Amino acid sequence: QLQVVESGGGVVQPGGSLRLSCTASQRTTHYYSIAWFRQAPGRDRELVACFTSGDRNTLYADSVKGRFTISRDNAKNTVYLQMNSLKSEDTGVYYCAQSPPPSIFHAQCDSRGYDSWGQGTQVTVSS
């Protein structure tokens, strides 16, 4: 069973930055679809950003375009989410999810396409 661990969450003021990390127990970053989701209190889980597969294709939620960047370091088997210009509405628990191809759900990084999830890391944006 693949283990996925997120880290890097914390409390930051509006306009600040955080970088989240996602590391798996096996080598996955070079060919898995890997996604970041988040869930705010009282709201449904939503996609933030993802690699649709092991290539460079990425997707971003409209609400984070231009502020967040997903990247990966295959040598470290780690995927990052750089979050800049943070807003209060970015507050939530951020989850990393991974799954090998193929899946019809990966083209849009639909959560139904992922079977390995981390425990989540809390991000709080508050003054």
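Mentor: Two strands pair if DSSP finds at least two bridges between them. You are looking at a predicted model, in which local features need pLDDT of at least 70 and side-chain atom pairs count only at pLDDT 80 or more, whereas totals for chains, interfaces and linings use all residues. Residues are numbered from 1 along each chain as its sequence is written, and side-chain values use heavy atoms, with hydrogens and water left out.

Trainee: What radius of gyration does the chain have, and what would a compact globule have?

Mentor: The C-alpha trace spans about 40 × 25 × 25 Å along its principal axes. The radius of gyration is taken over C-alpha atoms, and the globule rule is 2.2 Å times the number of residues to the power 0.38. For 127 residues a compact globule would come near 14 Å, and the chain agrees with that, at 13 Å.

Trainee: What percentage of contacts between residues at least 6 apart in sequence join residues at least 24 apart?

Mentor: A contact here means heavy atoms within 4.5 Å. Take the contacts in the chain between residues at least 6 apart in sequence; the share joining residues at least 24 apart is 59%.

Trainee: Which residue in the hairpin of β7 and β8 takes a positive phi?

Mentor: β7 and β8 run antiparallel and are joined by six bridges. Across this pairing, Phe68 stands opposite Met83, and Ser71 stands opposite Tyr80. The hairpin has four residues between the strands, and the one with a positive phi, near 55°, is Asn77.

Trainee: Which residue has its backbone oxygen 2.9 Å from a polar atom of the Thr78 side chain?

Mentor: Here the side chain of Thr78 supplies one polar atom and a backbone oxygen is the other. The residue that owns this backbone oxygen, 2.9 Å away, is Lys76.

Trainee: Why is strand β9 described as largely enclosed by the rest of the structure?

Mentor: β9 has several antiparallel partners: seven bridges join it to strand β4 (residues 33-39), three join it to strand β11 (residues 121-125), and two join it to strand β10 (residues 116-117). Examples of facing residues are Gln39 with Val93, Tyr94 with Thr121, and Ala97 with Trp117. Strand β9 (residues 92-99) is largely enclosed because, of its eight residues, the number buried is seven.

Trainee: Now for a loop. With which side chain does the side chain of Asp62 make a polar contact?

Mentor: Asp62 sits in the loop between β6 (58-60) and β7 (68-73) and counts as exposed, at 65% relative accessibility. A polar contact is a pair of N or O atoms within 3.5 Å; within protein, one must be able to donate a hydrogen and the other to accept it, and residues adjacent in sequence count only if both atoms are side-chain atoms. At 3.1 Å, the side chain that Asp62 contacts is that of Lys65.

Trainee: And which side chain does a polar contact of 3.4 Å join to that of Ser63?

Mentor: Ser63 is also placed in the loop between β6 and β7, and with a relative accessible area of 40% it is partly exposed. Its C-alpha atom is separated by 9.5 Å from that of Glu89, 26 residues apart along the chain. The side chain joined to Ser63 by the 3.4 Å polar contact belongs to Arg38.

Definitions and conventions:
Buried < 20%, exposed > 50% of the residue type's maximum accessible area, 1.4 Å probe, protein only.
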